[in-house]
Amino acid sequence: MCGIVGYIGHRDAFPIVIKGLQRLEYRGYDSAGIALYDGNKINLSKTKGKVEDLKNKAKEISLEGSIGIGHTRWATHGVPNDVNSHPHYSNSGNLVIIHNGIIENYEAIKQELTKRGYVFKSDTDTEVLVNLIEEVKKTEDVKLGKAVQIALNQVVGAYAIAVFDVEKPDEIVVAKLGSPLAIGIGDNEFFIASDASPFIEFTNNAVYLEDEEMAIIRLGKEIKLRKIKDDSVAYPRILELQMNLEEIEKGGYDHFMLKEIYEQPRAIKDTYRGRLLADQGLVKMSGIEQNMEKFINANRIIIVACGTSWHAGLVAEYIFEDLARIPVEVEYASEFRYRNPVITDKDVLIAISQSGETADTLAAIKLAKEKGAFVFGVCNVVGSSIARETDAGAYTHAGPEIGVASTKAFTTQITVLTLMALRLAKAKGEFSETKYREYLTELETIPSKVEKSLESNALIEIIADVYKDSTNCLYLGRGYNFPVALEGALKLKEISYIHAEGYPAAEMKHGPIALIDEHMPVFVIATKKGHYEKVVSNIQEIKSRKGKIIAIVTEGDEQVRDLADHVIEVPETLESLTPLLTTIPLQLLSYHIAVMRGCNVDQPRNLAKSVTVE
C-alpha cells in the first residue's frame with residue numbers, strides 16, 4: 001500500500017520525487033524517505049511522518065542529482081519510525097531500495113544472511129531484500145539486474161521495487177509482483193511510480209509492468225524488460241494516459257474528499273456516457289454484449305470485493321436479482337479466497353475494486369479462473385491488475401479518487417452495475433419495453449438529482465455540528481438502502497473515528513435497540529420507495545426510546561418529518577436508484593463531522609487507499 005516514485009533523466013530529481021510522493025500519500029503516510037545520487041554518492045533522508053516532514057528533514061542532505069527514488073509508507077513490518085522508513089541501504093551502502101508489498105519468507109532469509117555477517121538496523125522485510133540482492137551480486141559475481149532477478153526467485157510474497165546501485169550509476173532496476181508499478185517515458189528521461197499521477201505533467205506515455213516482470217531503466221537506452229522466472233525477453237506495451245493534471249489537484253476545495261463528493265454528478269454521467277442511450281432505448285456495454293451467453297446461462301453471479309466496493313456489490317445483489325432475476329452471492333474477497341468455495345464453470349464472478357489492485361480481490365479472481373468461472377471486472381483504473389486479469393470488464397470512469405474514504409467510486413460502481421443488470425434484464429425478457437425505457441430515462445436524470453441532493457450541504461453542516469461529539473452512531477436502512485446504511489457507517493468510522501454500525505432496520509429489535517437512549521444518534525434512510533411504512537414503524541420504536549433520529553427522506557415527506565429530530569431530503573426516483581441519492585447526505589455528514597473534530601479527512605489514521613497487501 002506504499003507509494004513508490006523514481007526519476008532518472010536530465011532534470012533535478014528532488015522536486016519531481018517529492019511532488020510525486022505528495023500525490024501518492026493516499027497510498028500510505030506514516031513515514032517517507034528519499035535517496036538522491038549526486039554523481040559520487042547516495043544522499044538519503046527519511047523520517048516518520050508525512051512528505052511535508054520529509055521536505056524539512058531533507059534540507060540536511062545534498063539535494064543535487066538527476067537520479068532519485070522516494071517512498072511514502074504504510075507500515076507492515078516494523079512500526080512507523082525513522083529507521084523503518086524507506087529507502088533502505090544494503091550493508092555496503094552501495095545499493096538502495098524502495099519497496100511496496102510483503103516478503104513473507106523474510107525471516108528465514110534474514111537468519112541466513114545474519115550467519116553470513118550481515119547486520120540489520122530496521123525491523124523491515126525490505127532491508128532483508130536489499131541485502132539478499134547484494135549477497136547474490138557478490139557471490140554470483142553478476143550485475144545488478146541479474147542479482148535482482150536471482151534474488152526475487154528466492155522470495156515469497158508481493159512486491160514492487162526500485163533498486164539503485166552506485167556501481168551502475170546510469171540505471172534503476174524495477175520489478176513487480178502483486179503491487180502496481182508504472183514507468184513514464186519522457187524525452188531522454190524516465191519516471192517510476194505506483195501510478196501515473198506523479199509524472200502526468202511530464203509525459204502521457206507509460207508502461208505498466210505485468211506480474212513477475214522486471215525492467216532495467218537506463219539513460220539513453222530503451223527499457224529492457226524481462227521475465228523474472230525464466231529471464232525471457234518481454235516487450236513493453238506503451239499506453240497513452242487519459243488522466244489530466246486538474247483531476248489530481250484539489251481545484252479550490254479544502255479537501256480531496258469534498259471535491260470528489262461534488263464530482264459525483266459528472267462522474268456518474270461520464271460512467272454512463274456512450275453506454276446509456278435512453279432516447280433509443282438502448283444500453284451498450286461491449287463487455288456484456290460479447291459475453292452475453294455467459295451471463296444469461298449462469299447458474300449464479302458471485303460478487304467479490306472489499307470495503308466500500310463490497311457495499312456496492314450488496315446494492316448490486318438487489319439490482320441483479322430484482323431486475324435480471326439472476327441469483328447473486330456477495331462475498332468479502334478476503335474470506336472467499338480462504339474458505340475453499342464451490343465454484344463451477346457455470347458461475348460468473350464479478351470483481352469490484354476502485355484501484356484495480358486490491359490484493360484479496362485479485363487472489364479471488366485467480367481462484368475463480370482456476371475453477372473455470374467467467375470473471376468480469378469493475379474498476380476505475382485503466383491498465384490496473386484487475387483490468388488485465390479478468391476475462392472482460394467495465395471501467396467506471398470516475399476519474400482519480402485521491403481521498404482515502406471512497407465516495408465517487410461507490411456511486412459510479414453502482415451506476416455500472418445498474419447498467420449491466422438493465423441490459424441483462426432486457427436480454428432475458430424480464431422487462432416490457434415501456435418499463436425498460438422508464439428505467440433508462442430515470443437513470444439519465446440521476447446526475448441532476450445528485451446535484452439537487454448536494455444542495456442540502458448547509459443543512460447537513462448544521463446537523464453535523466449537533467452530533468460531532470457523539471461516541472456511537474447507528475445507521476438503519478431496508479432493501480436497496482441497507483447497504484447504504486453500512487456505507488454511511490463506514491464513512492463515519494473511517495474519517496471521524498466515531499464508532500458506528502449499519503444494520504437492516506428490521507434487525508434493530510434483535511439486539512441494537514438495547515443501545516438506544518437519548519445520547520444515541522440514529523441515521524435512518526426512509527425514502528418513500530420500498531418498505532416505507534415498515535421503516536416508519538422502526539422510527540417510532542427509536543423515538544419511544546428517546547433516540548435522536550436523523551432521517552433521509554424523499555422530497556416533500558411529512559410523516560417522517562413529524563417523528564424525526566432532523567430531516568434531509570433527496571429527490572424522488574425509482575427504488576433501485578435510491579442508493580445513488582441517499583448516500584450523498586451520509587458522505588457529506590461524515591465529512592463535516594470529521595472536519596469539526598479536527599481529523600485528517602483525506603488521510604485518516606491507519607488507512608491507505610490501494611490495499612495491495614493481504
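Me: The part I have in mind is helix α7, so what covers the buried residues of α7?

Reply: Happy to, starting with a word on the model. This is a predicted model, where local features need pLDDT of at least 70 and side-chain atom pairs count only at pLDDT 80 or more, while totals for chains, interfaces and linings use all residues. Residues are numbered from 1 along each chain as its sequence is written, and side-chain values use heavy atoms, with hydrogens and water left out.

Now the setting. The chain has 19 helices and 27 strands; helices (H or I, at least four residues) and strands (E, at least two) are DSSP runs, numbered from the N terminus. Its C-alpha atoms fill a box of roughly 80 × 55 × 45 Å along the principal axes. Of the 614 residues, 61% are buried, meaning under 20% relative accessible area with a 1.4 Å probe, protein chains only.

On to your helix. α7 covers residues 264–272 and is mostly covered, with 7 of its 9 residues buried. Those are Gln264, Pro265, Ala267, Ile268, Asp270, Thr271 and Tyr272. As for what they pack against, the list is α6 (256–262), β16 (276–277), α14 (408–428), α15 (433–454) and α19 (579–596). Just after α7, Gly274 takes a positive phi of about 80°.

Leaving aside neighbours within four places in sequence, Gln264 is in contact (heavy atoms within 4.5 Å) with Thr407, Lys408, Thr411, Val450, Ile584 and Gln587. With Gln587 there is also a side-chain to side-chain polar contact, at 2.8 Å. A polar contact here is a pair of N or O atoms within 3.5 Å; within protein, one must be able to donate a hydrogen and the other to accept it, and residues adjacent in sequence count only if both atoms are side-chain atoms.

For another covered helix, look at α1 (residues 13–23), where 8 of the 11 residues are buried. Among them are Phe14, Ile16 and Leu21. What covers the buried residues of α1 includes the strands β1 (3–8), β2 (31–37), β4 (67–73) and β10 (190–193), along with helix α2 (51–57).

Back at the scale of the chain, residues 24 or more positions apart account for 71% of the contacts with a separation of 6 or more.

Key:
Buried means under 20% relative accessible area, exposed over 50%, partly exposed in between (1.4 Å probe, protein chains only).
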